[in-house]
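Trainee: I am new to this structure. Please pick one part and take me through it closely.

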Amino acid sequence: MWRDPGTWIAVGISALFIVVGFAMHRVFTHILKQGAPAPDATDKAASHEQ
């Protein structure tokens, strides 16, 4: 079984998905921990008054 190239392709793709999923999880948690910037009320009020 371990000499079959298809097995190594499947193992490699599975490992790639795990690594990419871990990296995406780290990026998303980093972005979510930063929070959104505070909205600037003066710009919104000026654009709505026109």
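Mentor: What follows is a close look at one helix and some of its residues. The model is predicted, so to speak of local features takes pLDDT of at least 70, and side-chain atom pairs count only at pLDDT 80 or more, while totals for chains, interfaces and linings use all residues. Residues are numbered from 1 along each chain as its sequence is written, and side-chain values use heavy atoms, with hydrogens and water left out.

The protein has two helices and zero strands. These are DSSP runs, numbered from the N terminus: H or I of at least four residues for helices, E of at least two for strands.

Take α1. It covers residues 5-34, 30 residues in total. From first C-alpha to last it reaches 44 Å, close to the 44 Å expected at 1.5 Å a residue. That expected span is 1.5 Å times one less than the number of residues. Gly-35 follows α1, and its phi is positive, near 80 degrees.

Now look at Thr-7, which lies in α1. Thr-7 is buried because its relative accessible area is 17%. Buried means under 20%, exposed over 50%, partly exposed in between (1.4 Å probe, protein chains only). Neighbours within four places in sequence aside, Thr-7 is in contact with Met-1 and Trp-2. Contact means heavy atoms within 4.5 Å. Buried residues make up 2% of the 50 residues in the protein.

Val-27 is also found in α1. At 45% relative accessibility, Val-27 counts as partly exposed.
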